[in-house]
Amino acid sequence: MGDAEQSLSAADRRRGVLMAAAQAGDAAAYRTLLRECVGLIQAVARRNGVAAGRIDDVVQDTLLSVHRAMQTYDPRRSFTAWLSAIAQRRAIDALRSDNRHWRRELHAPLAYASYPDSAAPDRALEGAQAGGTLRVAIASLPAAQREAVERLMIEERSLAEAAAVTGRGEGALKVNLHRALKTLRAKLRRA
Amino acid sequence: MTVSVSPHDELIETLASGLQPVRRLASPAVRAVLWLALVVVIAAVLALVADLHALQRRLMAAPDLWLAVLGSTLTAVCAALAAFELSVPDRKPAWALLAVPPLLLWIGASGLGCLRGWLVADTHPASLQEARECLLFILGLSVPLGAALFFMLRRAFVLRPGLTAALGGLAVAAAAATLLNFFHPFDAAATDLAVHIVAVALVIGLSRIVAVRAFPR
């Protein structure tokens with residue numbers, strides 16, 4: 001344990017020396033250091049609960065931040081602590097952005113009440129033509145969910161229009177569309 | 001020959017090949033002292049045109065006025081130091097707490113001044129016109145002080161823009177309120193305290209709005 005701590009602090013010191021050389025313009029030292037940083041950043045991202053598919057984004061954002069923050073590193077202090085602070089911040093940014101994206105998706109069906117998305121059916125059809133998977137996936141939806149997708153997304157009707165055509169309430173259509181999108185996402189992910 | 005396996009090699013190569021030597025930033029304490037030196041220079045200029053005898057008489061008359069000035073001065077010093085510390089990535093957010101004790105002293109002593117207004121007969125509270133002038137003085141002086149502070153903070157790398165901007169705003173407002181004493185012919189009163197609180201809140205709010213966007217990511 002003591003040895004591990006000692007080697008960690010030796011590694012930290014070595015990274016500090018590399019960063020000091022990078023500050024002086026040594027590109028080779030900088031390249032070596034940044035390569036070493038990748039593993040450390042991945043560990044910080046994982047520790048902060050970043051999803052596996054987003055870890056590379058955190059690594060890239062952190063490497064860019066390290067480049068911009070280079071002048072703030074003081075070689076008398078721990079490089080690992082300096083890097084971890086930046087990586088942790090970028091991990092939190094990624095979590096926040098995922099959270100915002102997720103919330104937008106959750107509320108997307110509400111937008112159909114006023115603004116049907118004209119781009120979505122085109123994109124959906126393109127996807128279906130390319131692989132046929134989306135069309136098959138829609139066809140296999142339960143009737144009420146398929147109806148919501150067809151009226152609101154493919155026929156581009158507003159929520160009020162779709163409610164008039166189907167005889168269902170707007171609330172029920174929203175719920176059905178939301179369930180349909182969830183089912184489709186799961187089906188396409190498996191496909 | 002080694003084969004590149006990391007998906008980040010391309011970015012690392014771009015960053016390394018475009019590397020330029022950088023000038024290491026001075027320590028947060030040194031940068032805070034530099035900014036405070038600017039405040040001292042402005043204070044020296046204002047002292048040339050202010051009635052220093054009146055200032056001395058006023059400060060001697062009541063201890064709470066001294067304490068309020070001491071509180072605002074220490075708030076400016078501590079908030080500036082905390083803002084510069086937080087402009088470096090590996091510093092703890094707890095640095096923000098450094099500004100709390102002097103801020104409490106400032107608010108407490110100013111509040112005491114309000115009480116004295118009711119207890120002592122011949123105090124001269126600020127009129128609405130004077131209160132407005134105080135507000136404009138603090139806001140007006142905050143512009144150059146804030147511009148200098150945030151220019152210096154921008155050279156660092158702020159990871160907590162909201163907190164750092166708020167501390168910077170507090171430092172600027174406290175410094176401006178301290179310098180206001182050169183031209184403050186009346187005692188602390190409720191209107192005066194309210195004006196100071198409004199001015200400080202405005203400066204902190206504006207700092208957050210402006211600086212949060214200005215800090216590089």
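How many residues does the contact take from chain B and from chain A? The contact takes 22 residues from chain B and 26 residues from chain A. Please note throughout this tour that the model is predicted.

**The contact between the chains**

Select the side of chain B that touches chain A. By class, this side comprises 15 nonpolar, four polar and three charged residues.

**Chain A**

Chain A holds nine helices and zero strands, and its pattern along the sequence reads α-α-α-α-α-α-α-α-α. Colour the chain by burial: of the 191 residues in chain A, 28% are buried. If contacts are drawn for chain A with a separation of 6 or more, 64% of them join residues 24 or more positions apart.

**Helices H2 and H6 of chain B**

Move to chain B and select helix H2, residues 28–49, together with helix H6, residues 128–154. Their axes lie 11 Å apart, and the two helices pack at an angle of about 165°. Since angles over 145 degrees count as roughly antiparallel, H2(B) is therefore roughly antiparallel to H6(B). The crossing in which H2(B) passes H6(B) is right-handed.

To see the residues involved, show the side chains on both helices:

- From H2(B), the contact is made by B:Arg31, B:Trp35, B:Leu38 and B:Val39.
- From H6(B), the contact is made by B:Leu145, B:Ala148, B:Leu149 and B:Met152.

By class, this contact of H2(B) with H6(B) has seven nonpolar residues, no polar residues and one charged residue.

**B:Ala29**

Remain on helix H2 of chain B and select B:Ala29, which is placed there. Is B:Ala29 buried or exposed? B:Ala29 has 11 other C-beta atoms within 10 Å and is therefore exposed.

**The nonpolar cores**

Turn next to the largest nonpolar core, which has 80 residues. Those with the most contacts inside this core are B:Ala79, B:Ala171 and B:Ala173. Helix H7 of chain B, residues 161–180, supplies the largest share of the core, 13 residues.

Centre the view on B:Ala173. Leaving aside residues up to four places away in sequence, B:Ala173 touches B:Ile138, B:Ser142, B:Ala199, B:Val200, B:Val203 and B:Ile204.

Key:
Residues numbered from 1 in each chain as written. Chains lettered and ligands numbered in written order. Predicted model: local features only at pLDDT ≥ 70, side-chain atom pairs only at ≥ 80, totals over all residues. Contact = placed C-beta atoms within 7 Å. Nonpolar A, V, L, I, M, F, W, Y, C, P; charged D, E, K, R; others polar. Axes fitted to C-alpha atoms, helices over the stretch in contact; angles between N-to-C directions. Helix = DSSP H or I, 4+ residues; strand = E, 2+ residues; numbered from the N terminus. Parallel < 35°, antiparallel > 145°, perpendicular 65-115°, else oblique. Left-handed = near helix turned anticlockwise from the far one by under 90°. Core = buried A, V, L, I, M, F, W, Y, C linked by C-beta atoms within 7 Å. Buried ≥ 20, exposed ≤ 12 C-beta atoms within 10 Å, placed from the backbone.
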